[in-house]
Amino acid sequence: MNNTNNNSSNNNNQTNIESIDFVSAAKKQVANPEKGETIAIMHIKDYGDIKIKFFKDTAPKAVENFITHAKNGYYNGVTFHRVINDFMIQGGDPTATGAGGESIWGSEFEDEFTFDLVPYRGALCMANAGSNTNGSQFFIEQANYDEETYNMLKQYGYPANLLEAYKTYGGSMHLFMAHTVFGQVIEGMDVVDKIAACDTDASTNKPVKDVVIESIEIAQY
């Protein structure tokens with residue numbers, strides 16, 4: 001795609017974002033899945049279970065990658081290696097360094113962005129090292145609504161109804177359209193909060209005691 005088309009696309013996105021009904025989209029994002037839909041049940045040692053629904057229509061590659069890794073046992077025994085309270089918990093790296101892991105295709109894959117999916121509290125997102133660098137790592141958003149952040153976002157010109165959705169659902173708006181949102185926690189945010197509150201190394205944000213994903217079960221809701 002040439003530079004002219006890129007600029008045109010960016011301008012269109014800038015215009016279209018003002019017309020998005022973020023409040024309605026947020027309600028749909030956090031709603032329970034339909035009966036029979038595919039979900040994941042993440043079994044965390046000593047903490048409990050986290051149940052997650054997927055957005056396969058808008059993030060098909062991220063969903064396929066995660067589900068296939070889960071079924072193959074790739075995530076079994078892997079830790080949440082980066083934990084920041086009131087922000088997110090990050091895992092999916094077999095090396096537990098934050099620099100490891102790969103996709104099911106053996107190479108990085110592209111971002112899958114949509115205005116309809118926002119990193120609200122409970123969102124399952126791909127971790128990356130920049131644009132189109134997705135591998136196996138993921139994080140779960142844990143941040144609550146913060147009035148100071150709200151006022152700052154308002155000054156930055158975020159759409160009013162996106163801010164309204166943020167008031168209700170929290171999350172990290174600075175990650176919007178920077179990380180693929182491909183799932184949402186439907187049960188077990190109390191487990192996410194317990195993990196987020198664990199003791200961590202101040203320099204690396206790594207839990208002092210390993211937080212281990214025993215397995216990820218793929219099931220039907």
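Visitor: Before I dig in, what average pLDDT does the protein chain have?
Guide: pLDDT is the predictor's confidence in each residue, from 0 to 100, and what you have here is a predicted model. In this one, 93% of the residues score at least 70. The average for the protein chain is a pLDDT of 93.

Visitor: Is Asp86 buried, partly exposed or exposed?
Guide: Asp86 sits in the loop between β3 (80-84) and β4 (88-91). Its phi is positive, about 60°, although Asp86 is not a glycine; most residues other than glycine have a negative phi. Buried would need under 20% relative accessible area and exposed over 50%. Asp86 has 43%, so it counts as partly exposed.

Visitor: Where is Ala96, whose phi is positive?
Guide: Ala96 isn't a glycine either, and its phi is near 60°.

Visitor: How far apart are the C-alpha atoms of Lys56 and His43?
Guide: Lys56 belongs to the loop between β2 (48-54) and α3 (60-72). Its relative accessible area is 59%, over the 50% cut-off, so Lys56 is exposed. Along the chain, Lys56 and His43 are 13 residues apart. Between their C-alpha atoms the separation is 22 Å.

Visitor: Which residues touch the most other members of the largest nonpolar core?
Guide: That core has 32 residues. Take Phe182, one of the residues you're asking about: leaving aside neighbours within four places in sequence, its contacts include Phe54, Val63, Leu124 and Phe138. Another core, of 15 residues, lies apart from the largest one, with Val118 and Leu153 among its members. The residues touching the most other members of the largest core are Met42, Ile50, Phe66, Phe80 and Phe182.

Visitor: How many nonpolar residues are in the contact of α2 with α5?
Guide: The axes of α2 (residues 22-30) and α5 (residues 160-169) come within 8 Å and cross at roughly 35°. From α2 you get Phe22, Val23, Ala26, Lys27 and Val30, which meet Asn161, Leu162, Glu164, Ala165 and Tyr169 in α5. One residue of the contact is polar and two are charged. The nonpolar ones number seven.

Terms used
Residues are numbered from 1 along each chain as its sequence is written. This is a predicted model: local features need pLDDT of at least 70, side-chain atom pairs count only at pLDDT 80 or more; totals for chains, interfaces and linings use all residues. Side-chain values use heavy atoms; hydrogens and water are left out. Helices (H or I, at least four residues) and strands (E, at least two) are DSSP runs, numbered from the N terminus. Buried means under 20% relative accessible area, exposed over 50%, partly exposed in between (1.4 Å probe, protein chains only). A nonpolar core is a set of buried Ala, Val, Leu, Ile, Met, Phe, Trp, Tyr and Cys residues joined through side-chain atoms within 4.5 Å. Contact means heavy atoms within 4.5 Å. Axes are lines fitted to C-alpha atoms, for helices over the stretch in contact, and angles run from 0 to 180 degrees between N-to-C directions. Ala, Val, Leu, Ile, Met, Phe, Trp, Tyr, Cys and Pro count as nonpolar, Asp, Glu, Lys and Arg as charged, and the others, Gly among them, as polar.
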